[in-house]
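User: Could you take a close look at one helix in this model for me, and tell me what surrounds it?

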Amino acid sequence: MNLGFFKKKKRKQEIVVESQEIPDKEELMIKIEKAKNLLKDSNGKKRIEILNQIGKLYFEAGEYDKAIDFYELSISENRSLGQAYTDLLKLYNLKRKEAVDHHSDSDVQLYLKKIDDLLKLSKDVIRGKVRGE
């Protein structure tokens, strides 16, 4: 008499695939233009948020040089760590890898220096926070 106490249950394996919508480049460009219009009349923290949003949208659109420009502007106006910092590190590494693939030593050195400068900024910000406490 087998009551089934020790039988392995067959589990249904469900594969859940999250469908991430790939943004349409045209749609991203429209969002960028709207954000640029908002940027004209903004200042302070709101301006930094908009600069970061534009950088993020350009990053998603594959416009890496433009994304870098907006993120660098954001960091120059607000020396802090955050989205601009992390995305810039990613972008600099992408550009450095691209330079390696194209055998462009000068560009490799440029992006290595930019990465070093960004890491120095992070140390300065952290030290500043430690001193301020």
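Analyst: Happy to! A quick word on terms: helices here are DSSP runs of H or I with at least four residues, numbered from the N terminus. Read along the sequence, this predicted model follows the pattern α-α-α-α-α, which comes to five helices and zero strands.

Let's look closely at α2, which covers residues 44-60. Its 17 residues reach 25 Å from the first C-alpha to the last, close to the 24 Å expected at 1.5 Å a residue.

Which residues of α2 are buried? They are I48, I50, L51, N52, I54, G55, L57, Y58 and F59. These buried residues pack against three helices: α1 (25-40), α3 (64-77) and α4 (83-101). Just after α2, G62 takes a positive phi of about 80°.

Leaving aside residues up to four places away in sequence, D87 touches F59 and Y71. D87 is found in helix α4. Is D87 buried or exposed? D87 counts as buried because its relative accessibility is 9%, and the cut-off for buried is under 20%. The side chain of D87 also makes a polar contact of 2.6 Å with the side chain of Y71.

Among contacts between residues at least 6 apart in sequence, 51% join residues at least 24 apart. The accessible surface of the chain comes to about 10600 Å², with 51% of that belonging to carbon and sulfur atoms.

Definitions and conventions
Residues are numbered from 1 along each chain as its sequence is written. This is a predicted model: local features need pLDDT of at least 70, side-chain atom pairs count only at pLDDT 80 or more; totals for chains, interfaces and linings use all residues. Side-chain values use heavy atoms; hydrogens and water are left out. Helices (H or I, at least four residues) and strands (E, at least two) are DSSP runs, numbered from the N terminus. The expected span of a helix is 1.5 Å times one less than its number of residues. Buried means under 20% relative accessible area, exposed over 50%, partly exposed in between (1.4 Å probe, protein chains only). Contact means heavy atoms within 4.5 Å. A polar contact is a pair of N or O atoms within 3.5 Å; within protein, one must be able to donate a hydrogen and the other to accept it, and residues adjacent in sequence count only if both atoms are side-chain atoms. Accessible areas come from the Shrake-Rupley method with a 1.4 Å probe; for residues, only the protein chains shown count as cover.
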